[in-house]
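Please keep the sequence and the structure in view while reading.

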Amino acid sequence: MNERKKVGLALASGGGRGMAHIGVLQVLTEHNIPIDLISGCSAGALVAAIYAAGTDLYMLEKYLCTLMPKDIIDPTVVTRGGFISGNKVSEIVRTLTHDLSIEQTRIPCFIGAADLETSEFHIFENIKLYEAARASMAIPGVFTPVKIDGHWYIDGGTLQELPVGVLREHGADVVIGVDLSIKKRFTVAEDKAPGAHASLLRAFDMMQKEISRLRTDRLDVRIKPDVSFMGMISTAGAEEAIRIGRECAERAMPEIEALLC
């Protein structure tokens with residue numbers, strides 16, 4: 001009898017677009033697709049950590065859809081590296097991951113962030129899930145950087161939008177990736193400069209596209225929900241983003257099931 005293929009799932013960065021990850025995970029679970037390893041950056045890190053900790057995906061959906069901006073935004077002084085301290089998000093993730101460490105997850109969970117000093121992509125070990133996720137989502141200029149073991153970290157998506165390589169390195173035979181890059185064309189009004197939020201989103205999208213072009217990590221299945229309507233840190237539209245994630249995962253099921261035969 002052939003041994004079952006080991007499946008890895010990589011969840012991309014993308015701010016509020018990360019809500020789509022929840023819908024994808026729900027569908028994979030409903031179709032009994034085994035997820036043996038999971039990785040994520042930024043928004044993908046948050047969802048990967050929560051999933052690996054064993055939190056119910058449908059409870060997670062209901063909870064996140066009730067969040068208001070005041071529940072996740074805690075302003076700080078910009079001189080600290082960002083205008084949001086991230087303490088509220090940390091506490092939310094701490095609760096949803098049951099205060100577990102990375103070594104205590106039910107499946108291996110790989111969360112990456114960018115080391116500001118070395119410019120290297122770092123996969124965390126021996127720390128709490130919420131600490132790793134918070135470091136991975138430290139969007140430059142938005143969330144304050146995070147100091148861990150003497151190193152300052154920012155958003156993992158600045159170096160790897162979709163952390164595929166770490167899954168291959170740890171034995172994944174089949175890698176499914178959830179890609180949240182923006183599809184629609186960015187347009188600017190002739191008589192009006194783009195806002196700070198729109199400009200930041202576009203800058204990240206351009207950077208991540210170039211990183212993806214240069215990397216050679218191979219995905220077996222790419223699930224690409226178009227949730228470009230979601231903001232960087234807003235939960236408005238969460239239900240629709242989750243629904244779109246579900247639809248895209250359903251369309252990918254024949255391809256996934258064929259690979260696992």
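Are Phe 124 and Tyr 153 buried or exposed? Both Phe 124 and Tyr 153 are buried. The model discussed here is a predicted one.

- Phe 124 belongs to the loop between β5 (121-123) and α6 (129-136), while Tyr 153 belongs to strand β8 (residues 151-154), so the pair ties together parts that are 29 residues apart in sequence.
- A pair of aromatic rings is described in two terms, namely the distance of the centres and the angle of the planes.

**Helix α1 and the residue that follows**

- Helix α1 covers residues 19-30, and its twelve residues should span 16 Å at 1.5 Å a residue. The C-alpha atoms at its ends are 18 Å apart, which agrees with that expectation.
- Ten of the twelve residues of α1 are buried, so the helix is mostly covered under the cut-off of under 20% relative accessible area.
- The buried residues of α1 include Met 19, His 21, Gly 23 and Gln 26. Also among them are Ile 22, Val 24, Leu 25, Val 27 and Leu 28.
- The phi of Asn 32 is positive, about 55°, although Asn 32 is not a glycine.
- Asn 32 counts as exposed because its relative accessibility is 67%, and the cut-off for exposed is over 50%.

**Helix α2**

- What share of α2 is buried? Ten of its ten residues are buried, and the helix is mostly covered.
- Among the buried residues of α2 are Ala 43, Gly 44, Leu 46, Val 47 and Tyr 51.
- Ile 50 is in helix α2 and is buried because its relative accessible area is 6%.
- The C-alpha atoms of Ile 50 and Thr 105 are separated by 9.4 Å, although the two residues are 55 residues apart along the chain.
- Arg 106 lies over the face of Tyr 51, at 4.4 Å from the ring centre.
- Gly 54 follows α2 and has a positive phi, near 95°.

**Cavities**

- How many cavities of 30 Å³ or more does the structure hold? There are two cavities of that volume.
- The largest cavity contains about 420 Å³ of space.
- The largest cavity is lined by 24 residues, and the closest to its centre are Gly 15, Met 19, Leu 46, Val 89 and Thr 235.
- Helices α1, α2 (43-52) and α5 (87-96) are the elements that give two or more residues to this lining.
- Met 19 is also one of the buried residues of α1, and Leu 46 is one of the buried residues of α2.

**Residues in other loops**

- Asn 126 lies in the loop between β5 and α6. Its phi is near 55°, a positive value in a residue other than glycine.
- Asn 126 is exposed because its relative accessible area is 61%.
- Thr 158 lies in the loop between β8 and α7 (165-169) and is buried, with a relative accessible area of 13%.
- The side chain of Thr 158 reaches the backbone oxygen of Asp 155 at 2.7 Å.

- Ile 139 is in the loop between α6 and β6 (141-143). Its relative accessible area is 6%, so Ile 139 is buried.
- Between the C-alpha atoms of Ile 139 and Gly 156 there are 8.6 Å in space, with the two residues 17 residues apart in sequence.
- Where is Asp 173 found? Asp 173 is in the loop between α7 and β9 (174-178).
- Asp 173 counts as partly exposed because its relative accessibility is 44%.
- Asp 173 and Val 7 are 166 residues apart in sequence, and their C-alpha atoms are 6.1 Å apart in space.

Technical notes
Residues are numbered from 1 along each chain as its sequence is written. This is a predicted model: local features need pLDDT of at least 70, side-chain atom pairs count only at pLDDT 80 or more; totals for chains, interfaces and linings use all residues. Side-chain values use heavy atoms; hydrogens and water are left out. Helices (H or I, at least four residues) and strands (E, at least two) are DSSP runs, numbered from the N terminus. The expected span of a helix is 1.5 Å times one less than its number of residues. Buried means under 20% relative accessible area, exposed over 50%, partly exposed in between (1.4 Å probe, protein chains only). A charge sits over a ring if NZ of Lys or CZ of Arg is within 6 Å of the ring centre and within 35 degrees of the ring normal. A polar contact is a pair of N or O atoms within 3.5 Å; within protein, one must be able to donate a hydrogen and the other to accept it, and residues adjacent in sequence count only if both atoms are side-chain atoms. On a 1 Å grid over the protein atoms alone, a cavity is a set of points where a 1.4 Å probe fits but cannot get out, and a pocket is an open set with protein on both sides within 12 Å along at least five of seven lines; lining residues have an atom within 4 Å of a point. Grid points are joined across faces, edges and corners, and a volume is the space filled by probe spheres set on the points.
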